[in-house]
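Please look at the sequence and the structure before reading on.

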2 protein chains.
Amino acid sequence: MHLARGSIVAATSVLTRPRKQSRDATLQKADTLLAAAAALIAEKGFEATAIRDVGRRLEVSLGGMYYYFASKDDLLFQIQHRTFTALLAEQERVAEQPGSAEDRLHRLLVGHLAFFARHPNEMKICTFELESLKGDFYDRVLVVRRRYFRLVADVIADLTGRRERKPRGHDRHVTLFVFGMLNWAFMWYQTSKDGPVEAVAAEMLELIVNGAAPRKRR
Amino acid sequence: MHLARGSIVAATSVLTRPRKQSRDATLQKADTLLAAAAALIAEKGFEATAIRDVGRRLEVSLGGMYYYFASKDDLLFQIQHRTFTALLAEQERVAEQPGSAEDRLHRLLVGHLAFFARHPNEMKICTFELESLKGDFYDRVLVVRRRYFRLVADVIADLTGRRERKPRGHDRHVTLFVFGMLNWAFMWYQTSKDGPVEAVAAEMLELIVNGAAPRKRR
DNA sequence: TTGTAATTCGAACGATCGTTCGAAATCACG
DNA sequence: CGTGATTTCGAACGATCGTTCGAATTACAA
């Protein structure tokens, strides 16, 4: 039911179809299919991934896939919208806890990297395949992304102390720099090589707050 | 001639075929086709772009395209390899000029963003479609990318003063953070909104060197 | 102008893809 | 058990794509 905010196109899927009693196993299977699709799309790209192959990996026929998803575009939308909504919800809870601007930014960095470490396929898709979304799908994902941007931008505004009403100049750029660092992580981050996300987040926070140059005096 | 280091597959193209006398107009036309292809691929993605459409934009028949390029993969390789080689050459010249670590990093940031502003389509493709390259194509582009990474990493090692032989720990992460900021720029940078690249580079340098928090004392 | 190499074209092939559809199978429940 | 809704399947359609190939056309040197 809380999954019901799915596709808006005319075609139906098990996620959008009204039902007297949505069986739990069905929604669970939809989740499994979405995860398998995310793994394939993250590996080969959205356009290069065939719905046939997603089904094959879980032994679901091609026709069966269309019982769970209205279209291939709907599949991509579900992945991105669910992922970013979940990330936003987690981070909103993290941000509202008390602490200095530096503390809250630190927790947000850890939260983002930890979420990425838990859902690497989905997060990679959110970064690489945003522009593969069309029309309303694109718009609806953008709404969530913008709320997440504001969340981080507000904390960074506290940190710099400039306190622009809506970050348009300097603070906006710093926020975009931070998102650049975060989103580029999936190009290189490996737990075995780079340590736990907490360590990476600490390094990132140090750079954002104090920079990388050695202290001049004292 | 200097373009001759193209495809390595068995199939031939005008860029790789040996010729007694490569006519200048032909190589120039190949450049035009590559630029048109880059515009389309940057807009719709590599898999979603049809060679037919690239030709259509410049009124070249489908068969004609295969006179200039050995395959669709070769087309993508040419774009990425030429672009990154050109960027590396420019930045090597920038880096070897004298100055403090901060000065040289500043010039590298300006150089990168300026190159990006001059070739947004090609740079976007280098970021988004790296993993669309297959086999040898992927490897050969990676060689150039690694040289560029080292170039920036060395300057950053000077900046932090840690002087690790090969950046594996802290300096490596700082370098990856910097590349994240740079490569994320095409998601938001617009001259009209964000000012000239020199201004953005200055903000980026300030963050990298001193951080974003207000100076505690003095 | 003649001959040779370079360039362009158009048609065709095989493969793959997204989507549809109706029948079959399965499940929940009286 | 029986009945209706839910789920699964397999085949098929139309469209698009990368690639090949040989003929036709153009450009350049002798």
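The second largest pocket has a volume of about 930 Å³, where a pocket is an open set of points on a 1 Å grid over the protein atoms alone at which a 1.4 Å probe fits, with protein on both sides within 12 Å along at least five of seven lines. Grid points are joined across faces, edges and corners, and a volume is the space filled by probe spheres set on the points. This is a predicted model, in which local features need pLDDT of at least 70, side-chain atom pairs count only at pLDDT 80 or more, and totals for chains, interfaces and linings use all residues. Residues are numbered from 1 along each chain as its sequence is written, and chains are lettered from A in the order in which they are written.

**Second largest pocket**
- Its lining has 29 residues, each with an atom within 4 Å of a point, and A:Met187, A:Trp188, B:Arg146, B:Phe149 and B:Leu176 lie nearest the centre.
- Two or more lining residues come from each of helix 6, helix 7 (135-160) and helix 8 (170-183) of chain B, helices being DSSP runs of H or I with at least four residues, numbered from the N terminus.
- Helix 7 of chain B gives the most, with seven residues.

**Largest pocket**
- The largest pocket has a volume of about 1100 Å³ and is lined by 33 residues, with A:Arg146, A:Arg172, A:Leu176, B:Met187 and B:Trp188 nearest its centre.
- Helix 7 of chain A supplies the largest share of this lining, seven residues.

Note on methods: Side-chain values use heavy atoms; hydrogens and water are left out.
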